[in-house]
Amino acid sequence: MTKEYKTITEIKGPLIFVEKTEPVGYNELVEIRTGGELKRGQVLDTSDEIVVVQVFEGTGGLSKDSAVRFTGDVIKMPLSPAIVGRVLSGSGRPRDGGPEIVPEVMRGIAGAAINPASREKPRAFIQTGISTIDGTNTLVRGQKLPIFSGAGLPHNDVALQIARQAKALGEAESFAVIFCAMGITNEEAQHFLADFERTGALERAVVFLNLADDPAVERILTPRLGLTTAEYLAFDLDMHVLIIYTDMTNYCESLRQMGAAREEVPGRRGYPGYMYTDLAIQYERAGIIRGKKGSITQFPILTMPGDDITHPIPDLSGYITEGQIIVSRELHRKGIYPPIDIRPSLSRLMNSGIGKGHTREDHRAVSDQLYAYYAEGNDLRGLAAIVGKEALSERDKLVLEFADKFEKKFVNQGRDEDRSIFETLQIGWELLADLPESMLTRIDDKYIKQYHPKYAGTAKK
Amino acid sequence: MEVGKVKRVAGPVVQATGLKASMYDLVLVGEEGLMSEVIGISGNKHVIQVYEDTGGVKPGEPVKETGAPLVAQLGPGILTSIYDGIQRPLTKLAEASGDFISRGLFVDGVDHKKKWEFKPVVKKGDTVKAGQTIGEVQEQLLIKHKIMVPPRSKGGTIKEIYSGNFTVDETVAVLEDGTKLNMLQKWPVRQARPTIKKLAPTIPLRTGQRVIDGFFSLAKGGTAAIPGGFGTGKTVMQQTLSKWADVDIVVYVGCGERGNEMADLLHEFPELVDPRTGRPLMERSIVFANTSNMPVAAREASIYTGMTVSEYYRDMGYDVMMTADSTSRWAEAMRELASRLEEMPGEEGYPAYLGARLADFYERAGRADILGGGQGSVSVVGAVSPPGGDFTEPVTQNTLRMVKVFWALDSKLTQRRHFPSINWLDSYSLYDKDLEPWFVENVNPDWNKNKRRAMAILQENAELEEIVMLVGSDALPEDQQITLEVARMIINFWLAQSAMHPVDTFCPYKKQFELLAAILKYRDYAVEALQKGISVEQIKSVPSKDALAKVRLESEYEPVLQKVMAQMDADFKGLK
Ligand SMILES: Nc1ncnc2c1ncn2[C@@H]1O[C@H](COP(=O)(O)OP(=O)(O)OP(=O)(O)O)[C@@H](O)[C@H]1O
Ligand SMILES: [Mg+2]
């Protein structure tokens, strides 16, 4: 269908309303021409009388005589191996001065659901070199593990460090990084790009940039393009793909704007009632398919408005992703990097990626024991502030000290410090060794005998 | 049958004209014939929810009627299946369309080609009524599939009955009036299957989870809700229950949740062994996996499809447990569809009929006298995912009005890695009184006494902890310091139970009882010692106390426990 219409009856926010068309399909790709410019949109609602279109590049410059063409096809992404190394806009156009992508295949971006029966259980340990992740919130290949952060916290540094250091133990494999920026500042984007360039990562990356001053509706496309690319690299080209997107909060704001423009009944705090489903459609595009070599691992970053984890954006995300890494303002203020608070953090797939054959047999026990005393030590800080440290029992004093040392030695590490999982476990054991052995109630005696520094002959005094 | 026309498409909801279909009838939308259901009729307009993605569907495309509502296909071969929300076998979908689900595929819920060996249990001349078993098929090594006269049919006298190998469509018996019976029933998923009468809950459903069996037990045929914020342990608990519950059949409905979780379950269940039978767990299980990224309309239907299959096995006289993870995603699917209908929203945008739908669903649970004679049960465990972990929201509140057991997950416990994170002060079971006689008779006469004692200690502990937060524990009187210590033991040695530990994931009743009794015994010793003037510090540091912590991890725990208790006796005798 190539007929052009000049029957726009209304332009509202990111939406245009077009009348008297031939039958138009739901979700169809639409091209709108005004002056010399070509914008793209997608059909959100179609009926005999009127068609509602969301315009990705924004409706600025459009008027009632702009020409609208319905393409009869859904939005597709051009893909070829040459996409690796490219910097594209948030709607997939070259942004690096390079040529358009010459497609080997065109793929719909909506993302069909992976058949749950075709999924492979993710269980390959990925070493990020960061103790609070590897040791206590282990990432596995095929997982979706977001970083929940707050404005002004160093989540980007954490994401970059992960992108630089992530590796599977003892394997050299082809892998790629996809980076989707949604509404971040130019400065932030440059920070990422410079780091990619410095480390040579750009050569195996695909970058999609939608910056703060780019149209907000375009952000609805960006993760879909990134994920379509990820699926191509992972399941056509057998690569292990790590996809980082930032900032999901901006993406959700765009969804909210769209909902408001369509005068939908809003859900919680003004966000659309279908936001859970919409986010799930993105996040669920992580995983491994049985019989395929590649994988998709997702690292979405989102800043929690007002540091509030119950806000719908982190809340709905947490309900979909397989855990979350929490960047804490309090630890950041104490000067600890990475300021990851392990207590509310969680990796749900940790269990399948640790232990004998993956990391080390004592991993689970050490992690549990570290958690238990760090959590207890934190609680005691409150008590100590009220009754004074002296009023605490001997045991409680030890636990309180443990929490402090845990932050300084285990949590804190350099931005370029790439710790192996064994170094991480060793640090854990050294901290635990400062407690009496009888307090290590969560660790099997056989592991104590084997790994406790006291028995390994490397004990500190 | 009429063919209508699409008038409007917006997301999963389509409007059409020119149809005569009734409410909840199945219709096929568009050139591709996408499976859909009528969910509203106003004037000459039908509102239709489409179970598949509607991208590309245009006004003017045809809508075909089928003349029937969405039904579940019920017959041998359901066990071990993995279905989507409208009972399409996912493995068959994968054969048809590869690793990603494409649309417009029709696959039957049961295999119509496979032959099953039918063994009649009635003979020519016998009179049979609705629900009665006329024959059996060995569906799994240890599970017989009863072939029943369909409910609501008249029944009659058997004129002919065969034995041998048949497909589900082939006639296995003929009644005097000419009615032919085969091994397939079709039942509309939104209607409850009938029973003779519902029975009182008097038998506990053993879960092997101490906090549940010991404190907040579920009855066979009972209903329980497990609400909690993200990551508090709903899925792990439901999977653990599906593994160890002493029921015959498990129906696991993954409703709008994660694909990787389903992969995990599908990976584990064929390998894990049912402790009651020694057979793979998968043989007694049926999985519905309509993950969060699969179409919402099919998500909405999945709860009903799962319930219908559960009822069907109940009607054979089995104890069935259905778990639904998560009923909140089901409610949200309703909300999403309702908002596309432009209905007047109720609380937080949910449709005004939310409470009624939840009630109808939980009402379908129960232990009952079944049509065919004997008893069967459907127990339901529903996860609830309240936004922000706030239990005052509509889905949690409407659910609590219906269910009898409330396992309140507590994110403070989760953060301390105390699992299961079921709060022992807020949770309850309204089956308590009904089940107590059973425990006294079948486990130990002291079961209830010990349970009350332990709960009282935890209650007192909660009050004391508030004081401790102000003054520190050393300022408390000695006997209260002991209470704190015993409470700590109950919490850490008994309530905490790792689903990941090979032994501790399942704890038999006797072990549950003995472990708790041992902790209470420590308290008795401690109180006695205090009276003799022994210091709290001494009492707290008897070595046998810490040894008690690890008994639960032993599979042959009895000798270990005996040793620890003998040691404890010696420890306390030695205190001066
Ligand atoms: N009984 C348990 N034993 C050990 N670990 C547990 C237990 N329950 C939960 N966990 C831990 O908590 C994590 C989260 O649990 P789970 O996935 O069941 O949460 P959920 O309540 O279903 O969350 P969501 O609502 O986001 O689906 C698990 O991955 C596991 O690490
Ligand atoms: Mg869950």
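Tutor: We will look at chain A, then at ligand 1. Keep in mind that this is a predicted model.

Student: How many helices and strands does chain A have?

Tutor: Chain A has 14 helices and 20 strands. Its radius of gyration is 25 Å, close to the 23 Å that the globule rule gives for 461 residues, so chain A is as compact as a globular protein of that length.

Student: What share of chain A is buried?

Tutor: Buried means under 20% relative accessible area. In chain A, 62% of the 461 residues are buried. The chain exposes about 16,300 Å², and carbon and sulfur atoms supply 50% of that area.

Student: Now the ligand. Where does ligand 1 lie?

Tutor: Ligand 1 lies between chains A and B. It is surrounded by 19 residues, and B:Gly231, B:Lys234, B:Thr235, B:Val236 and B:Arg258 are the closest. By class, seven are nonpolar, eight polar and four charged. Helix H3 of chain B, residues 234–244, gives the largest share of this shell, with three residues.

Student: Which polar side-chain atoms lie by an oxygen atom of ligand 1?

Tutor: A polar contact needs N or O atoms within 3.5 Å. One polar side-chain atom of B:Lys234 lies 2.7 Å from a ligand 1 oxygen. From the other chain, a polar side-chain atom of A:Arg348 lies 2.9 Å from an oxygen of ligand 1. The backbone takes part as well: an N or O atom of B:Ala499 lies 3.0 Å from a ligand 1 nitrogen.

Student: How much of ligand 1 does the protein bury?

Tutor: Taken alone, ligand 1 exposes 630 Å², and the protein buries 93% of that.

Key
Residues are numbered from 1 along each chain as its sequence is written. Chains are lettered from A and ligands numbered from 1 in the order in which they are written. This is a predicted model: local features need pLDDT of at least 70, side-chain atom pairs count only at pLDDT 80 or more; totals for chains, interfaces and linings use all residues. Side-chain values use heavy atoms; hydrogens and water are left out. A residue is near a molecule or strand if one of its heavy atoms lies within 4 Å of it. A polar contact is a pair of N or O atoms within 3.5 Å; within protein, one must be able to donate a hydrogen and the other to accept it, and residues adjacent in sequence count only if both atoms are side-chain atoms. Accessible areas come from the Shrake-Rupley method with a 1.4 Å probe; for residues, only the protein chains shown count as cover. Helices (H or I, at least four residues) and strands (E, at least two) are DSSP runs, numbered from the N terminus. Ala, Val, Leu, Ile, Met, Phe, Trp, Tyr, Cys and Pro count as nonpolar, Asp, Glu, Lys and Arg as charged, and the others, Gly among them, as polar. The radius of gyration is taken over C-alpha atoms; the globule rule is 2.2 Å times the number of residues to the power 0.38. Buried means under 20% relative accessible area, exposed over 50%, partly exposed in between (1.4 Å probe, protein chains only).
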